[in-house]
Amino acid sequence: MSTMKPRPHIDHISRGFWEAAREGRLTVQRCDDCAHQHYPGAPICPNCLSDKQSWAPASGRGTLLSWVRFHRAYWDGFRDDLPYNVILVGLEEGPLMLSNLIGAEPESLKIGDPLQVSFEAVDETTTLPKFRPA
Amino acid sequence: MNAFHKLRDRIAVVGVGNTAYGNFPHTDDYGLGAEAFRRAIADCGLDKNKVDGLAVCRVPYYARMGEILGLAPRWTVQFPPHGRMSAMAIIEAAAALDAGLCDYAALIYANIGRSRRLNYGGEESPGVWDPFGFTSPGAAHALMFQRHRALYGTTTRQLAEVSVAFRHHAGLNPDAVMKQPITIEDHEAARPITEPLRLLDYCLINDGAVCLILTTKERARDLKQKPVLISGFGAREAYRQSSIANFDLNFWYDEVRDVAVQTYGMAGVGPQDVDALMCYDNFSPTVLFSLEGLGFCGQGESGAFVEGGTLRLGGRLPTNTDGGHLSCSYMQGWALNVEAVRQIRGQCGERQVKDAEVVQFVAATPCSRSIIYTPG
């Protein structure tokens, strides 16, 4: 078993999201035809079925919808982080995103509190969008 | 009225069987499935060669299962190994029997997850959120419960009522894996897994298998047991947030409401008529969400509803009288449907609900389902 943390699965759809993240930009997939916004990326638009989809800039603002604290390591790479938080963020654009809260502990926040994206470089190829209290 | 409501009381469960539940590394999925089938056949007294419909779930290969059982069906379905499939399979089989696609359907579920050391997360089930350390159905339910807590003030002590009631029932069930009684304090002191959920909010992982045999009401009369009729069912999926597996921001409330309207409407009964509830309990919060969706209480009121032993035998709504997934066996809804049948038949011994005539199964999941069983 790997002692590394899992890395994003990058394919022809998700590549645009992770390339933008490496440049410090949060994006969501937007339909070129009907402007529906969604995440994670999909081959066609769930609203109008168009296959013309682009990664569009997101504001980086969202709200805390829920959170959990892992006391169990499902990957060895997370063992030293226990007990770590995972938060559910409702992006201003609509899509939901799971991430980690940095700069505060979720116990000190309330559901509905505003959050702001903050990028954390894991290595030269991977940068993760995390969130801190706004 | 939905067109499928014409299926009311047309299809019967005539045979049920289950293996012992536990840790059985000496056998495999097929061995467990075969044993459950043998017991279900013995239960109903049917000539096994008359079985011409086969549905399997979590059995690796339907054709090998059919070979082992010596069957040559004219209707076969394989369901993916997901927990939400039990009522889905029973409803599909009912429709197939009614359409004449088969005359006697055997539904077999087998799980060897304990001996194979499955843990339902991490590298076993890769997902888009792995880089953030998010994985496992338990964590998805923890996210939902945390939100329920924040929105409605539901407490972990109220959640404990679910685990405590089901453990009490398991103590009355010779087949149950976990029989040692627990208290609310035990629940509160248990090891956290994905906070706010603790060990006693999680289902067991054990080996075992279950089989149900279904046929039409007319054919059921020639068999050994008093038939148990499928009087109502309902279905609604929620796929919109499926990239977070096993999660819904609104606890599948609207979907379970819809399922309730379909199911009660078809059976001609309401929540007040339900003598016992068999509630899919992969994690304890699912029970709270189910109670709200079905209308046993309003949305956000399930915490108060379960306080004081509501779900225990003798309480207002005896639920998961076999101990459920939390304490009897992780048969992913299948054993709960068997328990519903046995309650209607009056075969539950110490855990029998007196005069049980309306027993309901429910699963609040991305594919929510409910079934109402009544005596034939």
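**View 1. The contact between chain B and chain A.** In this predicted model, 27 residues of chain B are in contact with 27 residues of chain A. On the side of chain B that touches chain A, the elements giving two or more residues are α4 (137-152) and β5 (192-195) of chain B, and α4(B) gives the most, with 6 residues. Sorted by class, this side of chain B has 14 nonpolar, 9 polar and 4 charged residues.

**View 2. A strand pairing between the two chains.** Strand β4 of chain A, residues 61-70, pairs with β5(B) in the antiparallel sense over 2 bridges, and within β5(B) the bridge partner of Arg69(A) is Glu195(B). The peptide bond from Glu195(B) to Pro196(B) is cis, with omega near 15°, and Pro196(B) is found in the loop between β5 and β6 (197-198) of chain B.

**View 3. The open sheet of chain A.** Three strands of chain A form an open sheet of order β2-β1-β3, with antiparallel pairing. Because β2 (37-38) and β3 (53-57) of chain A stand at the edges and each has a single partner strand, one side of each is left without a neighbour in the sheet. Strand β1 of chain A, residues 27-31, is joined to β3(A) by 5 bridges, and Arg30(A) stands opposite Ser54(A) in β3(A). In the loop between β2 and β3 of chain A is found Pro40(A), and the peptide bond from Tyr39(A) to Pro40(A) is cis, with omega near 0°.

**View 4. The largest nonpolar core.** This core has 146 residues, and those with the most contacts inside it are Leu107(B), Ile108(B), Cys211(B) and Leu214(B). Helix α3 of chain B, residues 85-99, provides the largest share of the core, 9 residues. Leaving aside residues up to four places away in sequence, Cys211(B) touches residues including Ala36(B), Phe37(B), Leu107(B) and Ile108(B).

**View 5. Two loop residues of chain B with positive phi.** Arg117(B), in the loop between β4 (104-111) and α4 of chain B, has a positive phi of about 55° although it is not a glycine. Phe251(B), which lies in the loop between β8 (228-237) and α8 (253-267) of chain B, is likewise not a glycine and has a positive phi of about 60°. Arg117(B) is exposed, with 9 other C-beta atoms within 10 Å, whereas Phe251(B) counts as buried, with 26 C-beta neighbours inside 10 Å.

Methods: Residues are numbered from 1 along each chain as its sequence is written. Chains are lettered from A and ligands numbered from 1 in the order in which they are written. This is a predicted model: local features need pLDDT of at least 70, side-chain atom pairs count only at pLDDT 80 or more; totals for chains, interfaces and linings use all residues. Two residues are in contact if their C-beta atoms, placed from the backbone, lie within 7 Å. Helices (H or I, at least four residues) and strands (E, at least two) are DSSP runs, numbered from the N terminus. Ala, Val, Leu, Ile, Met, Phe, Trp, Tyr, Cys and Pro count as nonpolar, Asp, Glu, Lys and Arg as charged, and the others, Gly among them, as polar. Two strands pair if DSSP finds at least two bridges between them. A nonpolar core is a set of buried Ala, Val, Leu, Ile, Met, Phe, Trp, Tyr and Cys residues joined through C-beta atoms within 7 Å. A residue is buried if 20 or more other C-beta atoms lie within 10 Å of its own, exposed if 12 or fewer, and partly exposed in between; C-beta atoms are placed from the backbone.
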